[in-house]
Amino acid sequence: MAKAPKARTKTRPKPSRAFQVGTLPSREDVVAAMTEHPELDGKRDLAKHFGIHGDMRTPFKVLLKEMEGEGFLARSRKQIRRTATLPQVTALDIPGDADPDNLHAYPSTWDEAEGEKPRVAVLVTRTARVAPAPGDRILARIDAGDGPLPVYTAKPMKILDKPRRGQIGIVRVDEDGARLVPVDRKQKEMRIDGGDLGEARDGDLVEVSVKFSGRLMIQKAKVVAVIGNPKSEGAISMIAIHNLEIPYRFPASVVREAEEAGEIALKGREDWRHIPLITIDPPDAKDHDDAVHAEPDTDPKNAGGHIVIVAIADVAAYVRPGTALDREAYLRGNSVYFPDRVVPMLPERISNDLCSLKEGVNRPSIAVRMVIDAEGRKKSHSFHRVVFRSAAKLSYQQAQAAIDGRPDDKTAPLLGPILNPLWAAYRTMARARDKRGPLDLDLPERKIILDKSGMVADIHVPERLEAMRLIEEMMIAANVAAAETLEKRKTALLYRVHDTPSREKLTALREFLTSLDLSFGKAEAVRPVDFNRILAKARQDNKIEQVSEMVLRSQAQAEYAHENYGHFGLNLDRYAHFTSPIRRYADLIVHRALIAALDLGKDGLTDGEIAKLPTIAQHISQTERRAMLAERETSDRLLAQFLATKIGAEFMGRVSGATRSGLFVRLLETGADGFIPASTIGQDYYRHVEEMQALVGDRTGEAFRIGDTVKVRLLEAAPVAGALRFELLSEGTRVKPSSVKRGSKRPSRSYGPKGRRR
């Protein structure tokens, strides 16, 4: 009888190099083992191969994770493998914030399944014919080195035109196949090969990736996603996301790192779970990163004072410097908010779960305890790393209704012990704010409401509630406390700064106010109170719309900086963003700075980050401006789409800008912006008078200036471009033509008796 065959067993390969079993291997050892033994495709196999056990398991896992982040290893589920190697000639992208004297780059195209993009050192000699700079895309010859670990260097061959990270456009099928008509008119059309159309059909709005074809590296498009109906809101927000290159997909390594994050241990933190902090947010808020509490101060030396606590989600405990989460958060800079979606700075596992201060759930926090006197001034403060449990999640409307005498079942028990002390503390702080005199430019913000299909259902101006002002005032106080603490500790930080208006803008404002018979002091040093005084006078004279618009235009733009020059609008000497680390990278930096300065843990600001603060400040200021532009562009497109069915309708609006080309008008009801070409206005020669911010008729003196209320008719709406064109139906105000400064400026346009250009 034949013997039964023996069962096959998986034999463990012997370490192939001179390696001492039971010690932590080097990166080279790991790569060499995986190269010689491809069957080693998991952490467990590798651990057995190297004899890892006991206390060595944790540092070994850390080593593999670091190698994954460095681009040497790739993981899919439980399998680990070596990443693909770069071809000898490839296209590379040099980051915009790279050191010009020590350039590095990443491959322009890379399969995320292969793990992190490998970093490539770009070698540029003094005599090199091709000298790239930060932000360039190059074609380069690659050298991976001779060792088991690829150490990539690149010799630039050519600087390439750098297409956007992602593009969208309309598919147009033709006799030769298909082409992509880009939404952005500045981009060129690209061909789409038949096999690269996917499920896209003629007329679809699609997202494409760009590939290079042939020796001439001709750009072609490959459909990666069908966005759908170009008229839908989802498609409209995607236009802004792509046109402004906003990263909206998290790399697999970032998602994986977020999913692997667990609850933070409470050990080593102060236990504040007995303090009934609550969150007060918009009703549709998905994450809650700040909680507040107030109570009367029992110290007899501070009669009438309060203790105010602001607790902020401890994002720094989860997002450590140098991790994939940290790199992606820096790249994004901030979250971007659209009517239908949020493009978050951090994955949902972090922003909506672990770092969201959910009701009744233990959450780690960095909190500031502030002692406020009876006049609302901060006497002292201290920062603490704590764990607390939110006592309630309220909306602004809920909290306000309770204070106004209309509590519901949830707020009724909170009114006496929690809400009333909060409001009492706020009202003293509000008195201190009024004495400080920040810029009082309270402009209405419209909110776009969508229906279930993602189309515009309504546009309204939300009521400005005292509950909103309460949260704002307490957040400002916490931000000031953070800046003061870090300055006192002589710790580097990022300030939130707002410069004083420039001399040129002040001159333009004074000239405009003079044309309205309003005076503005000629002192070189202006303060917010000077603007508040003129705004109050404008309200009395029924000129607030014109003056508010021009005061807003005279202001500098707030930004981030590693050096302090104060916040003019808030009238504060020092100010930092501390209260929203879930959605702003600047706040995360400030949290790390506080952790380092106050010795609150080992996850504080590193020396490497301190050295890069000027670069970080510049980058996140740019991402903030990008987010604001994306939100504004999307609103413009949505409103144009909403009004596209109302061609020929008449509306009341207000002149929001005057140029030689024509007038910009903002509709009163919807806030939609449109344009009136100068060639369609009146029956006169119209001149742009800069000091009046107006178009003025040379013969009649008919004037249209910023802030004027006018009636218009909608002639054209272009939703994809976000553009509206109006016809002016109102007559302007009259001024004496002889009183207008002529200067050397040519008329805006000349017209015949029926408004036609002569």
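Me: Where is the place of aspartate 517?
Reply: Keep in mind that this is a predicted model. Aspartate 517 sits in the loop between helix H11 (503-515) and helix H12 (528-540).

Me: What is there to read in its backbone? I mean the phi of aspartate 517.
Reply: Start with the general idea. Most residues other than glycine have a negative phi. Aspartate 517 is not a glycine, yet its phi is positive, about 65°.

Me: Is aspartate 517 buried or exposed?
Reply: Exposed, with a relative accessible area of 71%. The cut-off for that class is over 50%.

Me: Which value does phi take in asparagine 571, and where is this residue found?
Reply: Its phi is near 55°, again positive in a residue other than glycine. Asparagine 571 lies in the loop between strand E25 (559-561) and H14. Its relative accessibility is 34%, so it counts as partly exposed.

Me: What is phenylalanine 578 in contact with, beyond its neighbours within four places in sequence?
Reply: Among its contacts are Ile312, Ile366, Val368 and Phe383. Ala478 and Ala482 also touch phenylalanine 578, as do Val590 and Leu594. Asn479, Asp587 and His591 are on the list too.

Me: How should I read helix H6 (residues 324-332)?
Reply: Check its cover, then its partners. H6 is mostly covered, with seven of its nine residues buried. Asp326, Glu328 and Arg332 are among the buried ones. The buried residues pack against helices H5 (252-260), H7 (348-354), H14 (585-597) and H16 (613-643), and against strand E18 (342-343). Just after H6, glycine 333 has a positive phi of about 80°.

Me: Last, the strands. In which sense do E26 and E27 pair?
Reply: Antiparallel, over six bridges. E26 covers residues 650-659 and E27 residues 662-667. Two residues separate them in a hairpin. Glycine 653 has leucine 667 as its bridge partner.

Me: How many bridges join E27 to E28?
Reply: Five, and these strands also run antiparallel. Valine 665 stands opposite glycine 674.

Note on methods:
Residues are numbered from 1 along each chain as its sequence is written. This is a predicted model: local features need pLDDT of at least 70, side-chain atom pairs count only at pLDDT 80 or more; totals for chains, interfaces and linings use all residues. Side-chain values use heavy atoms; hydrogens and water are left out. Contact means heavy atoms within 4.5 Å. Two strands pair if DSSP finds at least two bridges between them. Helices (H or I, at least four residues) and strands (E, at least two) are DSSP runs, numbered from the N terminus. Buried means under 20% relative accessible area, exposed over 50%, partly exposed in between (1.4 Å probe, protein chains only).
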